[in-house]
Amino acid sequence: QHPRAASEGFRIENMQAAAGVGDLDRKSVKEVQSFIEHQQQIQQIQAVVGKITELCWDKCVSKPGKDLTESEKNCIANCSERFLDTSMFVVNRIQNKHKAGGQ
């Protein structure tokens with residue numbers, strides 16, 4: 001048996017036991033797993049957005065007022081774009097190294 005298949009089987013059995021629903025079929029469990037993974041991705045995206053907001057706010061807004069100035073708006077936009085560009089660069093670099101066998 002493939003190691004990943006054994007791992008998936010282990011996760012499915014654990015989910016069934018934890019939920020007390022041992023009679024769920026594999027398709028239902030897979031749907032639940034997919035839903036959970038999707039929710040985790042949403043949480044990760046929200047965490048990144050929160051981090052960008054915090055970093056760029058601290059960098060760009062010195063005195064919060066009623067409205068942001070044009071300069072503050074531009075700074076936040078540029079800061080956000082740099083953060084995302086850098087993040088994508090790092091992710092692509094890691095993926096390329098992984099594809100090349102870690103060289």
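A residue counts as buried when its relative accessible area is under 20%, as exposed when the value is over 50%, and as partly exposed in between, with a 1.4 Å probe and protein chains only. The structure is a predicted model, in which local features need pLDDT of at least 70 and side-chain atom pairs count only at pLDDT 80 or more, while totals for chains, interfaces and linings use all residues. Residues are numbered from 1 along each chain as its sequence is written, and side-chain values use heavy atoms, with hydrogens and water left out.

**Exercise 1. Overall make-up**

Determine how many helices and strands the protein has, and what share of its residues counts as buried.

Solution. Helices are DSSP runs of H or I with at least four residues, strands are runs of E with at least two, and both are numbered from the N terminus. On that basis the protein has 3 helices and 0 strands, and the order of elements from the N terminus is α-α-α. Of the 103 residues, 13% count as buried. For the contacts, where heavy atoms lie within 4.5 Å, consider those between residues at least 6 apart in sequence: 22% of them join residues at least 24 apart.

**Exercise 2. The spans of α2 and α3**

Compare the reach of α2 and of α3 with the expected span of each helix, which is 1.5 Å times one less than its number of residues.

Solution. Take α2 to begin with: its 35 residues reach 50 Å from the first C-alpha to the last, close to the expected 51 Å. Helix α3, with 30 residues, reaches 43 Å, close to the expected 44 Å. Just after α3, G101 takes a positive phi of about 85 degrees.

**Exercise 3. How the two helices pack**

Work out the angle, the axis separation and the residues by which α2 and α3 meet.

Solution. Axes are lines fitted to C-alpha atoms, for helices over the stretch in contact, and angles between N-to-C directions run from 0 to 180 degrees. Helix α2 (residues 26–60) and helix α3 (residues 70–99) pack at about 135 degrees, with their axes 9 Å apart. That angle makes α2 oblique to α3, since angles under 35 degrees count as roughly parallel, over 145 as roughly antiparallel, 65 to 115 as roughly perpendicular and the rest as oblique. Among the residues that meet are V48, I52 and W57 in α2, and C75, C79 and F83 in α3.
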